[in-house]
Amino acid sequence: MVEENHVETFEILGKKTIRVGYRIRSYICEEIIKNYASSTYVIITDSNIVAAGHLDAYKRTFTETLERLRPDARLLTYVVSPGESNKNRATKAAIEDFLLSNGCTRDTFIIAMGGGVIGDMIGYVAATFMRGVRVVQIPTTLLAMVDSSIGGKTAIDTPLGKNFIGAFWQPEYVMVDVAFLETLPVRQFINGMGEVIKTAAIWDAAEFDRLERHTKQFLKVINDRRADGTVDLTPILDHLFRLVTGSIRVKVDVVSRDEREGGLRNLLNFGHSIGHAYEAILTPQALHGECVSVGAIKEAELARYLGILSPVAVSRLASCFSAYGLPISVYDKIMVDRVNGKVCPIDTLLEKMAIDKKNVGSRKRCVILKRIGECYEPHATYVSDDDLRVMLASDVSVYPFKKEYKEFTVVPPGSKSISNRALILAALGEGRCKLKNLLHSDDTKFMLSAVTALKGAELDWEDDGETVVITGHGGKLEATSQELYLGNAGTASRFLTSLSCLVKASEGANSVVLTGNQRMQERPNGPLIEALRANGCDIKCLNREGSLPVRVLCEGGLKGGRIELAATVSSQYVSSVLMAAPYAQEPVTLALVGGKPVSQTYILMTIQMMEAFGVKVTMSTEEPYTYHIPKGRYKNPEEYIIESDASSATYPLGFAALTGTKCTVPNIGSTSLQGDSRFAVEVLRPMGCSVIQTATSTTVQGPPVGNLKPFAHIDMEPMTDAFLTASVVAAIAPGTSIITGIANQRVKECNRIAAMRVELAKFGVKATELEDGIEIHGIDYTKLRVPEGDGVYTYDDHRVAMSLSLLAGMCSGPVVVQGRRCTSKTWPGWWDTLHTTLGVHLVGHEAQQSDRSIVPAKNGNRSIILIGMRAAGKSTMAEVVSQQLGLKLVDLDAYFEEQVGESIKQFVQEKGWSEFRKKEATFAEKALNDFPEGYVISTGGGIVESEQSRTVLKRYAEQGGIVLHLHRDVAQMVQFLTEKDAVRPAYEESIQSVWERREPWYRECSNYLFYSPHSTTDAELRQLKQAMGTFVTRISGSTVPLPKGRTYFVCLTCPDLLEGGALEQLDDITAGCAAVELRVDLLKSQDPQFVENQIGLLRLNTDLPIIFTLRTVGQGGKFPSSDFRRIVELVELAFKLGVEYVDLELSLPEGMLDTLASKRRFTKIIGSHHDVSGQYKWDSPEWESKYQLAVNCGVDVVKFVGTATSMQDNVALENFRSQHTFRPLVAINMGRVGQLSRAINSLLTPVTHPLLPNSAAPGQLSVKQINETLTMIGESKPLKFFIVGKPITHSRSPALHTAGYKALGLPHTFNRFETSDAAEVRDQVLKNADFGGCAITIPLKIEMLKYATELSDSAKAIGAINTLWPVGDGKLAGTNTDWIGIKNSFVRNNVPSTISGNGLVIGAGGTSRAAVYALHRMGCNKIYMINRSDSELKKVKAQFPVSFNIVTLSTVEEIGSIDPITLAVSTVPGNVELEESLKEKIHEVLGEANSEERFLIDAAYKPLETAVLKLAKQLGWTTIPGREMLVNQGVAQFEVFLGLRPPYQPVFDAVVNE
Ligand SMILES: NC(=O)c1ccc[n+]([C@@H]2O[C@H](COP(=O)([O-])OP(=O)(O)OC[C@H]3O[C@@H](n4cnc5c(N)ncnc54)[C@H](O)[C@@H]3O)[C@@H](O)[C@H]2O)c1
Ligand SMILES: [Zn+2]
């Protein structure tokens, strides 16, 4: 037992500098001070270690020792923030500044006390400070003790990679005190074990063995914490001490042979090549040791794949890592939970691996294990990307099999049933027995440890664990006080129950307790227990009668004589009694009673194996199902080779059949009791294979490829599992093959019969399902189709996967087999065998759109479900969604009625509500199956009443579908429903109470929420529909891109948007802004309902992206900083409401931040941090680490707000900005002095507006103020804009643009340049040094085209430009904003931006083209055109693609047959009298266009009310006067020129008030 003050010394690089001990603080201090003179000792550590009390303790002891030995020297201490994110240049610099400012010189002695982060960073500080000072490492984490502190590698991280900057710097001492581990958090503890196990695996087989044997207590001890969080290590102290010294010994050994990165030292990187790649993606959520564990398993699998490492070694490694609490795959539940489903795309992993320091050039290397404790080469081995891809991928592409003759031998994994029996027999037997080809499973694992615990046998391993050597004690078993835990291992529980009855009392115990996990405790053992009790055994069921846990008393034991047992449920009861029976006091007669026993082959198998171990059972000649077992002892044979699993053997044999090669399975033959052993003879032989089966081996040689014959009919009842292999072989035997007797295959891992039918079809092979079989219509293999897209699906069923992999190789091109890992259930090494033994080319495949991706897939065409109370507007909104996204409508009620053939009312009257709900749920599910894509499904309000329907809805949402909850204020709904309600059966209870019950259900079942504020007028309803349109576009994945160039967002600080006129003035307030922020913390209530309402109102009144911000008190806001529950609730609500941005404070607990960020769906995250108190300067590590944190959490925008007290702070900020360009960054300083930074920041600068009650932060400016500042400081240059054309004297453009400049504080000017000569424009306008852009009007719109070096789509389609502006490098861009003027005029009048009706254009001049384009862009199906003359019409029509669907109307008759028209644009002059014939046509067409809602814009703006407008109004059209179009066109142009939207009202006023 290790004791206090115990110290061991290790030599590294020729010096005895490593000391490992327990509770050796005084020793450490004394050694340092005594042996190393210095004027200044500096302990550097992190704040967690301070919090754990270590720094204080060291300070005390160190000071005392100094006083004693070196009274003149001083001790300094420095504490840094913990965590990898602080292991950077900034922290290093801060430490150096500290040392310098404290006058530290060359003789400084540094003590680095902490984990690997401290050790690496402080080591590096020491390496470079004053060109290198002395350092001691005091590692405080397990990882640091066994790994990072040893070897002299030091480093820091940069944003581009970990440990990229560093040095080799050997410490004077590494002082390891295991006692530090008492305060180490559990996860860090486990993390360190990753390195420990890895180290043993490459170098020290004996230590690995030892680690394997000590798994039991480890997790229990380290998880058991005292109240202060510390742990009592006593029970595992020796083990810990040994594993620490064991690892150190290996590391020292390797490092001493190879100090700098050479070959040997790289071996320590086992697991790191792949592990690092995972870590690069999964950090900081996953820790280094966890990733190494995952990487080590992958690299070990690679070694197995290459045929170097044995499968047993891989499984030993995997069990060892997981026994110490480490994940062994990124799909392990602990890992998935921790990383929040972050994905690791293979290409990214390979990229990350490519920059590994071990590589030479771009070739990748991995450490390949040969066996546990030994590597394949004395350095890392080159590996190919193809092989790595197979390891990393969950899907695999199988390339065509080489069809050349070959012979091979395959030994599939051992049979499970035989392995289980052999173990029990050998353990009860006498003498040594080598068990070969044992299948390692839960059952065998638990049986082995139980047998050892009962001292029944000794275990040993040979051939690297390949062979289990059991030395049995001939049935002598001793009781133990320790409970025997069997997990969920069914066979073990049954076999061990009888075996327990043979146990003798020992000194410490007189009973055996068998227990299992929860599921095990429910599995039946009753008949067995009954039979044993009847034979004198004292068995107590501790919980539930007939199940585990049981206590078996060690008295009396099995008496023997007649035992009666009911064996109609499980043959395992029988085998259990049979195997124990020879040890009863009297010979046993076992009679199976109660009917025909099940699975008699397994009983036979037991009897046969007992005979191999020397006990012969005889069958009664008098009674049926009765056996006589003599007294005796098993004699262990020297060697027992466990037969391979016969079902598994069908795959390599099938391979031979398909490819015309020869395959031998050397350990299954005609004497085998496994049913599937008949496969070769009964299935493959009739198909044309030559089969040689001896008593113990089977060889199959296939006919030349393409010559397989179908079998007419085989009853596969005795070998049901082999039917899948038979099916794929039959698939390329042209003709019909029928398999029956396999009904049980419908209820295996999947419905295998159906699965084969579906998957074979993908190869072009038709199969028909029979009730208990399948009929296969084989084709010539050359006609096999290569399954498309993501290949064949394997249903998470090992047998489906293995059999399909065979057919895949017979195709002419590579075939993807999905989910390859499922084969691990019975044959983890199947792909290795396929690749290495059978020589098949495999490549890892990754599905294009991984469903595990955190970037959610766009909704695409997937159907959307609407739920909500009646009167929430489902049908109206369903229509909007349908129009906006081009989906068809299904009403679930109508669907119901159609399906049942009567009305819902009738149905309910006849069958009652509950029957209705039941049916409704079924139909909901059915509807989702019938309409998975392309539909909006609206549901009845009561759908959430049934549990079953709720499950259907929730599942749909979980699978990424949109379940949209439409919500309206309840009071309004009640009113509405009371007023009109006839369609559906009336409620029997008050609407209020129905609402109260259902509301939580709607919320629970939906993943999106749309709140409809009350709308009374038509205009309001249109506005609502528009908002809905925007909303569904965004939530279905058409996100707004991050804005480019100089952009602003305004912060709404009102307590309630309905008060103080904020909404009315919103257009002004948001002028110049790219987004609008709602400061939720400043609202008068943060009640979710209220917040939802406010967001709803905001959506209704602006189409700008919304930023949802809940600023906490600590960050300068109003929301309680630690009310995390509500923060989470509100942020999740924001996601549900589909807002475009959510501001997440980086000061939230890291886990929460991460979890929230992962739920964002299409919302962008702004990771913000505010230093309200002005504590941190911009060069402080605080900002650096927050930046890293933001980057690691995957935020879309980083927003940092500091405080400026002097101009210098603004300079420092700019410095920071220029060095942090990895993610979009918003960085500003608060305070008056900080205003400059607000002007300089260019992306999404937060702004206020004079119309708002107050600004959101001290020093906040308006867009206008910022622009003025930019002009003043010379950042913004006054530009000259022009209108060109003739005549332009009356043009309103100058007034419009100038008004915009004024409102936004811009320094530009807008002038007239009258000419009809394009060349003149070129020479005098375009070449002007301050040219900012020009508006173009008649007659130059077409002629100016030639000066544009690039044209927008609209300009190309319309064939004319009205806007031209410089884009740098002497280039000019041209566009046409007339169409936007038209579109926005409609939209401002609350027409949705996409409609599904038809359009009309009157006139055929220049503007008509813009009108056609606008109507097309707004979704018009047909665009009708009328004009005075037909020839012009034809020209316009000919100019546009056919897809525009232009229909010209020449005669009144033609007009008589038009479809309803929703949108019309008149482009004929307004101030001249129209020709009579045209007038008539207009009259006709406007009168005929009887769509319910219709809107007409007149492009002519003089007079205000033109003749066309007047007429349209009379005919019931909503009319929009031309000046709106004029203004909207100008606004659009302004935005094109400057990237800023001017306020509407001021520019409108400027245009109209001449
Ligand atoms: N130089 C090398 O050869 C080498 C080898 C492996 C790893 N590393 C580096 O090591 C670093 C990881 O080291 P780590 O895992 O020790 O992480 P770490 O230093 O971040 O420590 C883990 C956590 O445990 C806390 N902690 C440390 N000791 C404690 C104690 N005794 N009681 C309570 N809390 C304690 C720390 O404050 C920290 O929060 C990485 O940066 C890695 O690159 C270096
Ligand atoms: Zn490591």
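This is a predicted model: local features need pLDDT of at least 70, side-chain atom pairs count only at pLDDT 80 or more; totals for chains, interfaces and linings use all residues.

User: Which protein residues are the donors of the zinc ion (ligand 2)?

Analyst: Glu195 through OE, plus His272 and His288, each through NE2. They lie 1.9 to 2.1 Å from the zinc ion. Along the chain the donors follow the spacing E-x76-H-x15-H. Glu195 sits in helix 7 (residues 186–203) and His272 in helix 12 (residues 272–282), so this pair ties together parts that are 77 residues apart in sequence.

User: Are Glu195 and His272 buried or exposed?

Analyst: Glu195 has 0% relative accessibility, so it counts as buried. His272 is buried too, with a relative accessible area of 4%.

User: What does UniProt list for "binding site"?

Analyst: The unreviewed UniProt entry lists Glu195, His272 and His288 under that feature. They are spread over 94 residues of sequence but cluster in space, with a largest C-alpha distance of 9.9 Å.

User: What about Ser273, where is it placed?

Analyst: Ser273 is in helix 12. With a relative accessibility of 2%, Ser273 counts as buried. A polar atom of the Ser273 side chain lies 3.0 Å from the backbone oxygen of Arg365.

User: And how far is Ser273 from Leu349, in sequence and in space?

Analyst: They are 76 residues apart in sequence, and the C-alpha to C-alpha distance is 9.9 Å.

User: Switching topic: how many cavities of 30 Å³ or more are there?

Analyst: The count comes to 7. The largest cavity has a volume of about 90 Å³. It is lined by 14 residues, and the closest to its centre are Arg1034, Gly1138, Val1139, Phe1162 and Thr1163.

User: What kinds of residues make up the lining of that largest cavity?

Analyst: The lining divides into 6 nonpolar, 3 polar and 5 charged residues.

User: OK, on to the backbone. Which peptide bond next to Pro1287 is cis?

Analyst: The bond from Lys1286 to Pro1287, with omega near 0°. Pro1287 is in the loop between strand 50 (1280–1285) and helix 46 (1293–1304). There is also a cis peptide bond from Ile1338 to Pro1339, with omega near 10°. Pro1339 is found in the loop between strand 52 (1331–1336) and strand 53 (1350–1351).

User: Why flag those?

Analyst: Because most peptide bonds are trans, and most residues other than glycine have a negative phi.

User: On phi, then: what is the value for Arg23?

Analyst: Arg23 has a positive phi of about 55°, although it is not a glycine. Arg23 lies in the loop between strand 2 (15–21) and helix 1 (25–35). With a relative accessible area of 37%, Arg23 is partly exposed.

User: And Asn1390, what's its phi?

Analyst: Positive as well, at about 65°, and Asn1390 is not a glycine. Asn1390 is in the loop between helix 49 (1378–1388) and strand 56 (1399–1402). Its relative accessibility is 14%, which is under the 20% cut-off, so Asn1390 counts as buried.

User: Last one: what does UniProt place at residues 1283–1364?

Analyst: The unreviewed UniProt entry has the feature "domain: Shikimate dehydrogenase substrate binding N-terminal" there. In this model the span is 33% helix and 23% strand, and its end C-alpha atoms lie 10 Å apart.

Key:
Residues are numbered from 1 along each chain as its sequence is written. Chains are lettered from A and ligands numbered from 1 in the order in which they are written. Side-chain values use heavy atoms; hydrogens and water are left out. Donors are N, O and S atoms within 2.8 Å of the metal (3.2 Å for Na, K and Ca); water is not among the atoms, so sites may look incomplete. Helices (H or I, at least four residues) and strands (E, at least two) are DSSP runs, numbered from the N terminus. Buried means under 20% relative accessible area, exposed over 50%, partly exposed in between (1.4 Å probe, protein chains only). On a 1 Å grid over the protein atoms alone, a cavity is a set of points where a 1.4 Å probe fits but cannot get out, and a pocket is an open set with protein on both sides within 12 Å along at least five of seven lines; lining residues have an atom within 4 Å of a point. Grid points are joined across faces, edges and corners, and a volume is the space filled by probe spheres set on the points. Ala, Val, Leu, Ile, Met, Phe, Trp, Tyr, Cys and Pro count as nonpolar, Asp, Glu, Lys and Arg as charged, and the others, Gly among them, as polar. UniProt positions are given in the numbering used here, feature names are shortened, and annotations may be inferred rather than shown by experiment. A polar contact is a pair of N or O atoms within 3.5 Å; within protein, one must be able to donate a hydrogen and the other to accept it, and residues adjacent in sequence count only if both atoms are side-chain atoms.
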